[in-house]
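Here is a short note for a colleague who is opening this structure for the first time. Please read the points with the model in view.

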Amino acid sequence: MGSVFRSAEMSLCQIFLQSEAAYTCVSELGELGLVQFKDLNPDVNAFQRKFVNEILRCDEMERKLRYIDKELKKDDMKIPDTGENPKAPAPKEMVDLEATFEKIESELREVNTNAEALRRNYLELSELKEVLKKTQNFFAEHGEGHHTIVDDAQNALVHDEMATTSATAVQLGFVAGVIPREKVPAFERLLWFACRGNVFLRIDEIAKPLEDPVTGDAIFKCVFIIFFQGEQLKLRVRKICEGFRATLYPCPESSQERSEMLNGVSTRLEDLNTVLHQTEDHRHRVLANCLKEIRNWIIKVKKIKAIYHTLNMCNFDVSHNSLIAECWTPVSALENVQQALSHGTELSGSTVPSILHRMHTKETPPTFFHTNKFTKVFQSIVHSYGIASYQEVNPALYTIITFPFLFAVMFGDLGHGFIMFLFGLWMVVMEKKLMSSKSDNEIWNMFFGGRYIIMLMGLFSVYTGFIYNDAFSKSLNMFGSSWHPNYSEPLLDSVETLVLDPEYEFDNVTGPYPFGLDPIWQASKNKITFTNSFKMKLSVILGIGQMLLGVMLSLVNHIYFRNPLNIFTEFIPEIVFLLCLFGYLVGLIFFKWATFTVHCSTCAPSLLIHFINMFLFSYTMPNDNFNYQCDHTNPKLTGCKATTVFYRYQNYAQIALVLGAVLCIPIMLCIKPFVLRARHNRKIRRADNLQAVSQSALIHHEEYPEEVKQILIF
Amino acid sequence: MDRKIIPAVAMTSIWGFVGIVAPIFVQFCMRGSPNKGVVQVMLVLTAACCWLFWLCAWMFQLNPLIGPSLETNFIRYIQEEWK
């Protein structure tokens, strides 16, 4: 049936590569993608391997590429995805690539440092400009004319403090600066406490937020000016400003000097702005140059690194100047591997061909499944639960149908299912176009990857929607309901609701609604009770059916691996247990559906109670004149209820089933470990008898069977 | 008795066709294709699951033990329309 039924047959191969041809051959094998290399140097430290220098160089190149990538992202430049898949370049080209990356990286770093310095300068000048403007405002408020600021401040200070010593002229000093807005309250408070109210502080907000040169954030700041008297206060104020990281700016005293300084600062700011713009443009140009190439570079560097990692796993044979590699490959792909090797040897220009040599080994090969675009998504769902062992039956094959079917049993709406089907169909039909327009949106990629599953789920949901008779929560009446109420007017006038009696109102001639649930239940008040009973029984039937399928597949495995011990100690007890208890329950469900009519509805057994009583070994026998036939017998005479035995010898049959099932448990648990242990001991005894050193070495290398280890732990 | 079985016979034959006849047909049609096995398994499983699902729904309603509880207005309407 091909390799979807079981995992593909694998073979271990040895490849002899010439040193010159090794790089290109491994590159060709990598492009093929059908080979798994074994690590022949597991004990060697990563730093002692042969190609460790090349890998370090690749790491360095990757770091530079990551830096460039980060800079591109900072400028919001999206890397175009051309869909190209370039091959790994030859080792000589690696040097060229390194030089290019080095140049680009150093250029970018230089530009960035320059830009940062310029921005810092810009910030300082802007703050200085604000300080000058605001101090101009401060002193404009306190009178005009040729007052020096000292006089102004003196007035302000004297006015605030209401000091009595108005005549004495005091020498006031001041500092001006800028502080972030958040720190202002704390700043004020500390100044007040530390200087005991002997300083005068004025704060004014700067309306526009200023850009921080390092982080690029816009920070709101305030201009402050502090007036104080004396040296000690000056020192204290300076220390406090330093502590709050407020930047102080030298502010000239007279008004003219201030305006001159303001003009000078404005001109300098304009110049700086121009230079800053030019630096940004230069940076942008450098980045735009890399934009086209960077994706290819990243892929190339990744491939080079992977090739060197693979070469590290090979054995280096000094005598013949060749590398020996061991790899697993599917038997069906051996041709392709040969072709890739010869192609690689050709490309490198070496005359000595590379040799592929199949080896036989007792090791368990890795599991490999050939999947096409349809089976891939189901295989990945199954892999998320666990990967099958080598050559075990592949559950993904059955998942293709059972997964969408069980989804549909839970979904069960005709209308919504149809919409889902159309969505899946659209994605499948427009596959090529949608795949070429690659999207970064994770959610869309998830939906697109599962397009076949969505289509199948929608299709099955349409079917189950028909059976549940549920289209956008409304029922369809395609064949005519089988319930025909026939009540007289007076009866209808007297009550609000009526429960239809299956004996008189159900059409037993045409039978039940042919396809699905009867539409009359849509309008009834006890719809939920009815559908609950149906869905519970359906779940039991479907679940046990699926379990049965699984156990049968395990039988296929046991037969394939020729393991009769497993058949007797695992499969047979499993199937007996499953069928005796739950298969019996399923049988009872079908029996009750087929035989119990409304005439003996009071006798209809409650399967749940019967199942529980089966385990408790408690049986209620009916009266002696109980007729096990379900017809027009009057139930009151026979004394049967939902809990009484409903077929002859039911109690004996059920006791036998329970005992049979319980007997399977010790068989499943105990027999196999002891058999395996006895086999193992026999082997050891045989080895001791032979007394050969090589034999014991063989035994020591042979592993204790996995299953025994797991079972003996209990 | 006869009319009751018609849906059962019809559904069983449809799904029997899908699950038994079609795979045999595919066996000869897609002889060289690597996907033959997958298509056959899909057909058989689809037929088995869908037939079983239909069977449960049909048998459940074969011998109903309770009937729907309807409002009397609705019963009047049905008795008029569904003559």
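**Notes on the model**

1. Start with chain B. Residues 6-26 of chain B are 100% helix and 0% strand, with their end C-alpha atoms 29 Å apart. Helices here are DSSP runs of H or I with at least four residues, strands are E runs of at least two, and both are numbered from the N terminus. Residues 38-60 of chain B are likewise 100% helix and 0% strand, and their end C-alpha atoms lie 33 Å apart. The unreviewed UniProt entry labels both spans, 6-26 and 38-60, "transmembrane region". UniProt positions follow the numbering used here, feature names are shortened, and annotations may be inferred rather than shown by experiment.

2. A word on the basis. This is a predicted model, where local features need pLDDT of at least 70, side-chain atom pairs count only at pLDDT 80 or more, and totals for chains, interfaces and linings use all residues. Residues are numbered from 1 along each chain as its sequence is written, chains are lettered from A and ligands numbered from 1 in the order in which they are written, and side-chain values use heavy atoms, without hydrogens and water.

3. Chain A next. Its secondary structure comes to 23 helices and 12 strands. Of its 714 residues, 42% are buried (under 20% relative accessible area with a 1.4 Å probe, protein chains only; exposed is over 50%, partly exposed in between). Take the contacts in chain A between residues at least 6 apart in sequence: 78% join residues at least 24 apart. Contact means heavy atoms within 4.5 Å.

4. UniProt also lists "transmembrane region" in chain A (unreviewed entry), including residues 571-591 and 652-676. Residues 571-591 of chain A are 100% helix and 0% strand, with end C-alpha atoms 27 Å apart. For residues 652-676 of chain A the figures are 100% helix, 0% strand and 37 Å.

5. Look at the coiled-coil annotation. The unreviewed UniProt entry places "coiled-coil region" at residues 94-135 of chain A. That span is 100% helix and 0% strand, and its end C-alpha atoms lie 61 Å apart.

6. Is Leu272(A) buried or exposed? Leu272(A) counts as buried because its relative accessibility is 10%. Leu272(A) sits in helix α7 (residues 255-312) of chain A. Beyond neighbours within four places in sequence, Leu272(A) contacts Leu118(A), Asn121(A), Tyr122(A) and Leu125(A). Leu125(A) is 147 residues from Leu272(A) in sequence, yet 9.4 Å away, C-alpha to C-alpha.

7. Now the cores. A nonpolar core is a set of buried Ala, Val, Leu, Ile, Met, Phe, Trp, Tyr and Cys residues joined through side-chain atoms within 4.5 Å. In the largest, of 88 residues, Tyr463(A) and Trp54(B) touch the most other members. Its largest share, 15 residues, comes from α2(B). Setting aside neighbours within four places in sequence, Tyr463(A) contacts Phe515(A) as well as Met11(B), Trp15(B), Cys50(B), Phe53(B) and Trp54(B). Apart from this core lies another, of 46 residues, among them Met77(A) and Val301(A).

8. Last, a pocket (an open set of points on a 1 Å grid over the protein atoms alone, with protein on both sides within 12 Å along at least five of seven lines; a 1.4 Å probe fits at each point, and lining residues have an atom within 4 Å of a point). The second largest pocket is lined by 21 residues, and those nearest its centre are Ser533(A), Lys537(A), Lys592(A), Leu607(A) and Phe60(B). α17(A) gives the most to this lining, with 6 residues.
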